[in-house]
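Here is a friendly briefing to read with the model open beside you. Take the topics in any order you like.

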Amino acid sequence: MMELEGEKPKYGEPKKYDPTFKGPIYNRGCTDIVCCILFIICILGYVAVGILAWSQGDPRKVIYPTDSRGQFCGQAGTPLETKPLLFYFNIMKCASPMVLLEFQCPTTQMCVEKCPDKFMTLLKAYANKEDFKYYKNFCKEGLEGLTVTQILSSGLCPAMLTPSKPFTRRCFPALGQKKGGEITVGNNSKFDDGEGNIRDAKDLVAGVKNATVVIEARQVAMKIFEDYTQSWYWILIGLVIAMLISLLFIVLLRFLAGIMVWVMIVMVILVIGYGIFHCSMEYVSLKSEAGSNVTLKDLGFQTDFSVYLHIRQTWLAFIIILAIVEVVIILLLIFLRNRILIAIALIKEASRAIGYVMSALFYPLFTFALLSIVIAYWAVTAVFLSTSNQPIYKVFNETACDHSRKICEPANFSTSSMKAECPDSKCLFAFYGGETVYHKYLIGLQFYNVFLFFWCANFVTALGQMTLAGAFASYYWALVKPDDMPAFPIFSSLGRSLRYHTGSLAFGSLILSIIQIIRVLLEYIDHKLQGTQNKCTKFLLCCLKCCFWCLEKFIKFINRNAYIMVAIYGKNFCTSAKDAFFLLMRNMIRVAVLDKVTDFLLFLGKLLIVGLVGIFAFFFFSGRVKAFENTAPNLHYYWVPILTVVVGSYLIAHGFFSVYAMCVDTLFLCFLEDLERNDGSAERPYLMSDRLLKVLNKKNKPEPAE
């Protein structure tokens, strides 16, 4: 629809020719000062929260198990230094539902030097001097002169001991299983519970079943850890190879961008095609193998992941996934072949820009270092905050009692009215908490810690984007390269960003952080309401999570382009975001096709590097190649180093190509500005390269002869 005369264009006026504009503005002022001040105040508050947490917290609560008195088992420099393990008087009481609510078994717990390794009841041990001496290792002090009845009624000793093994510094019954499926403990299927009852070993299972999943996970974790110790140097070699390939790829793009892009496309198609072929061969070879036709649904979850590779359905899934990816890539190449030529020209220009600003390739290391500091500070503060509570003791009892689960004081509990009214009750350590102002607002401090983590992490990422944008923009708008460029473009751009635009960086990252924290809260609410939510609530939460996910992606896109405009013109965040958005909307077709095609080509580059390194890692660690049979380490799960190398290779390739992506995005915005500002005349020549001019069928008119 044509716009009415005198009506403003829908997406703002195109940029007009400015003879004084020669790239990033140097004479600029501070932007978004209010947000800058707010960010500094919040950072100071974050430091104060960290200091407060470090003064109140005690990480030993995470490291060491705690007995019924709130003491740490195995803590160095204490009487319990030689007693690192936690022993439960009656492990069967851990099957109580209260364990899931309060994370504490309603039975006496004490620190011991080692777990019991034999069956024994107090009644039998009391009659034998040597046995009773051994039994005392699992009893409290003050047994002299007391009878068995007095000891049990005072809760000084457990009624029985069962053979146990330490797990996460806690003694759990050494349960086993016979061939017929019968549960045993200490090779016996029955045991004396110390009260004259002969019970089945399976009765102990309920007390430790909550740890079953954890035990299996621990076994897998230990095997994975062993695999890492056996293969860590080969993993490092694989990551170094990925880094060298990425660096070689970037260097080759500098000189052979056009050829490299097409070679990359062909190689990606060939690598995926080879993957389909290999999976097909594995699928056919398993046809005659017994048990290979079991479905993944029937197989269920297995801790030994190599089992899945002996199932035909696994390889069929790989074939389908790879085939879909292959078809999608080929169709995109067919329909976007003309736009790929322009994208290649843009990549060539990005290669030239990076050639003039080689230090940009190493800037991601600086960003990574800053992000590591932010993550470490958040993690340490979170641990100290979560361990800054005081020990809370509650009344635990076996019979009905009005004071059950009420807070008590262990020092005077034996003479209190609670003990008088409930003779069989005990005052045991329950959890860590507190009633002070600090403890009441502890959840708020944790929330503040998480929010500032998002804000600082997004700020560091934004700083990297604006720094790279300023450096590459100085290249594009330089009439004579590199004479019209700063001597050190990266450092010059970094200095401008921090000196003038800290507020703009804080503003953009604040908006993104608010959306991210809302997404975290939605996930938390969804987790809390699982099992109780109705379909309407579930649908509403799903819609909200989807909407905020889309909003986060949109804000990231707006922020990225806003930072580029701030780096070039030095305006505040909102103005820059509006200018960038309107500029992109006035060139919607170019944005939708050209810029995204370039991103797609760069993604293929990352995919190629990951594919090459991943295939090499697969054949090396799986021992499929005879040349590597004696060299490859013996592993429980060969997918552990393979997956590590693949993920690490992607992160390394992403680090290198993120510089390229930022360069392309910056040059693309400058390219759009160039088309609006200039017309190719002698007075207003295009500043884009001759390659871009040729692809776009544009040219600069020669100056008229005098």
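The largest cavity has a volume of about 90 Å³. This is a predicted model, and a search of the whole structure finds three cavities of 30 Å³ or more. The points below start with that cavity and go on to disulfides, aromatic rings and helices.

**The largest cavity**

- Strand 1, strand 4 and strand 6 are the elements that each give two or more residues to the lining of the largest cavity.
- Among the lining residues are Phe87, Tyr88, Phe89, Asn90 and Ile91.
- Met160, Leu161, Thr162, Ser164, Cys171 and Pro173 also belong to the lining of the largest cavity.
- By residue class, this lining divides into eight nonpolar, three polar and no charged residues.

**Disulfides**

- How many disulfides does the structure hold? There are three disulfides in the structure.
- Cysteine 73 is joined to cysteine 111 by a disulfide with an S to S distance of 1.9 Å. The angle about this S-S bond is -75°, and the link of cysteine 73 and cysteine 111 is left-handed.
- Cysteine 73 sits in the loop between helix 2 (60–63) and strand 1 (85–88), while cysteine 111 belongs to strand 2 (residues 109–112), so this pair ties together parts that are 38 residues apart in sequence.
- Are cysteine 73 and cysteine 111 buried or exposed? Cysteine 73 counts as buried, at 0% relative accessibility, and cysteine 111 counts as buried too, at 4%.
- The sulfur atoms of cysteine 115 and cysteine 171 are 2.1 Å apart and form a disulfide. The link of cysteine 115 and cysteine 171 is left-handed, with -90° about the S-S bond.
- Why does the pair of cysteine 115 and cysteine 171 tie together parts that are apart in sequence? Cysteine 115 is in the loop between strand 2 and strand 3 (120–121) and cysteine 171 is in strand 6 (residues 170–173), so the parts that are tied together are 56 residues apart in sequence.
- Cysteine 115 has a relative accessible area of 9% and is buried; cysteine 171 has 3% and is buried.
- Cysteine 139 and cysteine 157 are joined by a disulfide, S to S 2.0 Å. The link of cysteine 139 and cysteine 157 is right-handed, with 125° about the S-S bond.
- Distant parts of the chain are linked by this pair: cysteine 139 is in the loop between helix 5 (129–135) and helix 6 (148–154), and cysteine 157 is in the loop between helix 6 and strand 4 (160–161), 18 residues apart.
- At 6% relative accessibility, cysteine 139 is counted as buried, and cysteine 157 is counted as buried at 5%.
- Cysteine 30, in contrast, is in no disulfide; the nearest cysteine sulfur belongs to cysteine 36 and is 7.5 Å away.

**Aromatic rings**

- The structure has 29 aromatic pairs.
- In one of these pairs, the ring centres of phenylalanine 87 and phenylalanine 138 are 5.2 Å apart and the planes are at 55°, so the pair is tilted.
- Because phenylalanine 87 is in strand 1 and phenylalanine 138 is in the loop between helix 5 and helix 6, the pair ties together parts that are 51 residues apart in sequence.
- Phenylalanine 87 is buried, at a relative accessible area of 5%, and phenylalanine 138 counts as buried at 2% relative accessibility.
- One aromatic cluster is formed by Trp232, Tyr233, Trp234, Phe616 and Phe620.

**Helices**

- Helix 1 (residues 33–56) has 24 residues, which at 1.5 Å a residue should span 34 Å; its end C-alpha atoms are 35 Å apart, which agrees.
- Which residues of helix 1 are buried? They are Cys35, Cys36, Phe39, Cys42, Tyr46, Val49, Gly50 and Ala53.
- As background, an α-helix has 3.6 residues a turn, so residues three or four places apart point the same way.
- Helix 18 (residues 535–569) has 35 residues and should span 51 Å at 1.5 Å a residue; the distance between its end C-alpha atoms is 50 Å, which agrees.
- Glycine 570 follows helix 18 and has a positive phi, near 75°.

How values were computed
Residues are numbered from 1 along each chain as its sequence is written. This is a predicted model: local features need pLDDT of at least 70, side-chain atom pairs count only at pLDDT 80 or more; totals for chains, interfaces and linings use all residues. Side-chain values use heavy atoms; hydrogens and water are left out. Helices (H or I, at least four residues) and strands (E, at least two) are DSSP runs, numbered from the N terminus. The expected span of a helix is 1.5 Å times one less than its number of residues. A disulfide is a pair of cysteine sulfur atoms within 2.5 Å. Buried means under 20% relative accessible area, exposed over 50%, partly exposed in between (1.4 Å probe, protein chains only). On a 1 Å grid over the protein atoms alone, a cavity is a set of points where a 1.4 Å probe fits but cannot get out, and a pocket is an open set with protein on both sides within 12 Å along at least five of seven lines; lining residues have an atom within 4 Å of a point. Grid points are joined across faces, edges and corners, and a volume is the space filled by probe spheres set on the points. Ala, Val, Leu, Ile, Met, Phe, Trp, Tyr, Cys and Pro count as nonpolar, Asp, Glu, Lys and Arg as charged, and the others, Gly among them, as polar. Rings of Phe, Tyr and Trp (its six-membered ring) pair if their centres lie within 6.5 Å; planes under 30 degrees apart count as stacked, over 60 as edge-to-face and the rest as tilted.
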